Amino acid sequence: MLFGILLSAAVALLAMGLVHVLVERRSPVAPVPPNHRLLNLATMLAWLMLNAAVGPLLVGAVAVGANRLGGGMIVLSDHGWGLAAGAFAYVFVADAGEYGFHRLQHTVPWLWSLHTLHHSEPHINSTSGVLHHWSAMIMRTAFVALPLGLLFRAPAAVLSIYFLSTLYVHFMHANSTLDFGRLSWLLSSPSYHRIHHSVEPEHYDRNFAFIFPIYDVALGTYRRARPGELPATGLEDGDRPHDLLEVMLWPVRRRLRRWNGLITAQ
Ligand SMILES: [Zn+2]
Ligand SMILES: [Zn+2]
């Protein structure tokens, strides 16, 4: 278990490093202060430690729940084209769960009060994908894991491919002007996801998808970035955490500051 956690952290760090060297250095939007990246990395390490404590319980509960409900209707293949098709289906359905949970985070007030942490980054970059409140991460895991557990019985090869697909989060947050233009409905890009993080009201509640923007297209939340459109990101009130304690206690901190009139937004 500990080895798996350390391995996933090492792979995530490698992915962030590769995105930084191969994508961000080519056409960055703006310089990212080093302390922003450091705080995101500290958040990831703290989350990994927490995950070590509650992760097995959560995964166990989801797996048992899925089995009790008759889960695992579709048995996925572990070789050949069947493996490729199964892995695609698995990642595509996981993305539906991601889309659904992400929309809830923007519509249910108490979920939004947690999700504002992710939106507080004024310089989104390859490390921003891990800046989430720990409780939101646990809920998200259950939200995505349950439909997968109900639908599929997946071999280790499919689970491994799914794990690799989650590294896309580091690419889509890259501090980069990269855009897929006419194909932006097919795969999310840094420009596509920047629109989601934009401070401009016309961009609010747009581009929720993780990997496949087709969910945004189908459900009316798609907004293609215009050529050269690179809006500023962050919260309307400019609030952001400055250390790990503020990350961990983010919703409490926001509430106290609102009570004291330091911020006005939710
Ligand atoms: Zn969001
Ligand atoms: Zn994001």
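I take a nonpolar core to be a set of buried Ala, Val, Leu, Ile, Met, Phe, Trp, Tyr and Cys residues joined through side-chain atoms within 4.5 Å, where buried means under 20% relative accessible area, exposed over 50% and partly exposed in between (1.4 Å probe, protein chains only).

The model is predicted, with local features needing pLDDT of at least 70, side-chain atom pairs counting only at pLDDT 80 or more, and totals for chains, interfaces and linings using all residues. Residues are numbered from 1 along each chain as its sequence is written, ligands are numbered from 1 in the order in which they are written, and side-chain values use heavy atoms, without hydrogens and water.

**Core.** I looked up the largest nonpolar core and found 23 residues, with Tyr90, Leu148, Tyr162, Tyr168, Phe210 and Ile211 having the most contacts inside it. Helix 3 gives the most to this core, five residues; helices here are DSSP runs (H or I, at least four residues), numbered from the N terminus.

**Zinc site.** For the zinc ion (ligand 1) I listed the protein donors (N, O and S atoms within 2.8 Å of the metal, or 3.2 Å for Na, K and Ca; water is not among the atoms, so sites may look incomplete). They are His102, His106, His115, His119 and His196, each through NE2, at 2.1 to 2.2 Å. The zinc ion (ligand 2) lies 5.8 Å from the zinc ion (ligand 1). His102 and His106 sit four residues apart in helix 3 (residues 80-107), about one turn of the helix. I noted that His102 is buried, because its relative accessible area is 9%, and that His106 also counts as buried, at 14%.

Key
Helices (H or I, at least four residues) and strands (E, at least two) are DSSP runs, numbered from the N terminus.
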